[in-house]
Amino acid sequence: MYQQMIFVNLPVVDVEASKKFFTELGYTINPQFTTDDCACVVISDTIIAMLLGKQRYADFTKKEIADATRTSEVLLCLSAESRDKVDELVDRALAAGGSVGGETQDHGFMYGRSFDDLDGHTWEVMWMDPAAVQG
């Protein structure tokens, strides 16, 4: 069965520093789609982050490129399999040079934290109790 994928394209200032940051979070770099001006970060089988140097990113848009350290254009949210896994990923991001992206949210059945990566993109990490999800 076909599984739709998402490729999140993000502008970055330093491709090498961004590669190091995301590998420290436990993700891998796909060398087949990585060059000096972009990195293909494999988050899961269906989620890929393309980290593009700003010059390369500009090849794909006529719009001004947002400075994510000053403005917010998108909030990226990743699921986690447990509360502990939320904390683990966010703590690794902070140790790798990221910064706190927002307040911890604890609603009992749902728990989330967020971090900003080296370029200011906000990544939320969220766990939800499967029993709380209505089918």
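Reader: Which residues is Phe22 in contact with, leaving aside its neighbours within four places in sequence?

Author: Tyr27, Val41, Leu51, Asp117 and Trp123. Contact means heavy atoms within 4.5 Å. This is a predicted model, so local features need pLDDT of at least 70 and side-chain atom pairs count only at pLDDT 80 or more, while totals for chains, interfaces and linings use all residues. Residues are numbered from 1 along each chain as its sequence is written, and side-chain values use heavy atoms, with hydrogens and water left out.

Reader: Why is Phe22 called buried?

Author: Buried means under 20% relative accessible area, exposed over 50%, and partly exposed in between (1.4 Å probe, protein chains only). Phe22 has 2%, so Phe22 is buried. Phe21 has 1%, so Phe21 counts as buried too.

Reader: Which residues of helix H1 are buried?

Author: H1 covers residues 15–24, and its buried residues are Val15, Ser18, Lys19, Phe21 and Phe22. Helices here are DSSP runs of H or I with at least four residues; strands are runs of E with at least two; both are numbered from the N terminus.

Reader: How do you know that the buried residues line one face of H1?

Author: Look down the helix axis. The buried residues fall within an arc of 165 degrees, so they line one face. That arc is taken from the directions from the helix axis to the C-beta atoms.

Reader: What caps the N-terminal end of H1?

Author: Asp14 does, with a side-chain oxygen 3.1 Å from the backbone nitrogen of Glu16. After H1 comes Gly26, with a positive phi near 105 degrees.

Reader: Which residues touch the most other members of the largest nonpolar core?

Author: Phe22, Leu25, Tyr27, Leu51, Phe115 and Trp123, out of 26 residues in that core. A nonpolar core is a set of buried Ala, Val, Leu, Ile, Met, Phe, Trp, Tyr and Cys residues joined through side-chain atoms within 4.5 Å. Among the elements that each supply at least two residues are H1, strand S8 (110–116) and strand S9 (122–128). Helix H3 gives the most, with 4 residues. Apart from this core lies another, of 6 residues, among them Ile48, Met50, Leu52 and Tyr57.

Reader: How many aromatic pairs are there?

Author: The count is 3. Rings of Phe, Tyr and Trp (its six-membered ring) pair if their centres lie within 6.5 Å; planes under 30 degrees apart count as stacked, over 60 as edge-to-face, and the rest as tilted.

Reader: What makes the pair of Phe21 and Phe22 edge-to-face?

Author: The ring centres are 5.1 Å apart and the planes stand at 85 degrees, so the pair of Phe21 and Phe22 is edge-to-face.

Reader: Why is the pair of Phe21 and Phe115 called tilted?

Author: Their ring centres are 6.2 Å apart and their planes are at 55 degrees, so this pair is tilted. It links distant parts of the chain, with Phe21 in helix H1 and Phe115 in strand S8, 94 residues apart. Phe21, Phe22, Phe115 and Trp123 form one aromatic cluster.

Reader: How do you know that Arg83 lies over the face of Tyr111?

Author: A charge sits over a ring if NZ of Lys or CZ of Arg is within 6 Å of the ring centre and within 35 degrees of the ring normal. Arg83 lies over the face of Tyr111, at 4.2 Å from the ring centre. Their C-alpha atoms are separated by 6.4 Å, although the residues are 28 apart along the chain.

Reader: With which side chain does the side chain of Tyr111 make a polar contact?

Author: With that of Asp87, at 2.5 Å. A polar contact is a pair of N or O atoms within 3.5 Å; within protein, one must be able to donate a hydrogen and the other to accept it, and residues adjacent in sequence count only if both atoms are side-chain atoms.

Reader: Why does Thr34 count as buried?

Author: Thr34 has 17% relative accessibility, so Thr34 counts as buried. It sits in the loop between strand S2 (28–29) and S3. The side chain of Thr34 reaches the backbone nitrogen of Cys40 at 3.1 Å.

Reader: What makes Ala95 exposed?

Author: At 70% relative accessibility, Ala95 counts as exposed. Ala95 lies in helix H3.
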